[in-house]
Amino acid sequence: MVVLTGCGTSPITADSTGFWDQYVVWNFSRAITSLSNIFFGSYGLGIIVFTIIIRIILLPLMHHQTKSTRKMSEMQPQLKALQQKYASKDTETQNKLKEETQKLYSAAGVNPVMGCLPMLVQMPVLMAMYQAISRTDVLKTGQFLWMDLGSRDPYFILPILAAILTFATTKLSTMSQAESNPTTSAMLYMMPALILFMGISLPSALSLYWVVGNAFSVGQTLLLNNPFKIKREREDKIKAERDYQKALEKAKNPKKKRNKKR
């Protein structure tokens, strides 16, 4: 709520006041328009290039968050086992559960709180990016491909692409999880629907931003957290454990047979 109270809706200009508008959103707006001038006055290309630059700058933080999320996902079976073991709601048992859970986190090198920190850093930046586009009047006067950036996409191509890429990003993320998460499963369909609804109502400049940002997220996920590779590694690990158990059983059987003969 503290962050949202600093978000205005009036056009952003050099005369805008307040730390958020004057120093953050206005500078983001200037950066987009400057890039647009480099690319022959194309505000569409300015939005695309600036979105990619911001995503690249945030990439280390997003990579850290991805690794933390993956570790947390791998730990879910162990966490559930602890919750079942210490299912009683009395104070002593719950304290024991907290203690054992903390030991599990420490052994795995996971800090749940620090895993949220990258997202907390990313959100103001992405919010400033969104506001710079939506509150800069000059960005709404340009044309890009078949669109007027200040009007909604007449053919709904960008909103549909944004929704598809949002679905792809969430789907790829959920595929790498060891166990299904009801909340994530719901978001798989809710977020694309929300993006589609907003995309067909808001200026196409914002739809362009969503398309580029989500396309970058898809590429980032495939590069840094490829679910197909993770699933293959997990299956290989399970197979190796099964083969090991079979090898142990085979090693025990000859001993049993020799004992019977004696």
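**Exercise 1.** How far apart do the end C-alpha atoms of residues 155-174 lie, and what percentage of the span is helix?

*Solution.* First, the ground rules: this is a predicted model, where local features need pLDDT of at least 70, side-chain atom pairs count only at pLDDT 80 or more, and totals for chains, interfaces and linings use all residues. Residues are numbered from 1 along each chain as its sequence is written, and side-chain values use heavy atoms, with hydrogens and water left out.

Now the ends: they sit 31 Å apart, and the span is 90% helix and 0% strand. Helices here are DSSP runs (H or I, at least four residues), numbered from the N terminus; strands are E runs of at least two. An unreviewed UniProt entry annotates "transmembrane region" at residues 38-62, 155-174 and 186-202; such annotations may be inferred rather than shown by experiment.

**Exercise 2.** Work out why the end-to-end distance of α2 agrees with its residue count.

*Solution.* Take 1.5 Å times one less than the number of residues. Next, look along the helix: a kink of about 50° lies at L59, shortly before the proline P60. (The bend is the angle between axes fitted to the seven residues ending there and the seven starting there.)

**Exercise 3.** Find the salt bridge of R135 and say which parts it ties together.

*Solution.* The cut-off is a side-chain nitrogen of Lys or Arg within 4 Å of a carboxyl oxygen of Asp or Glu. R135 pairs with D21 at 3.0 Å, N to O. R135 is in the loop between α4 (112-134) and β1 (143-144), while D21 is in helix α1 (residues 19-38), so the pair links parts 114 residues apart in sequence.
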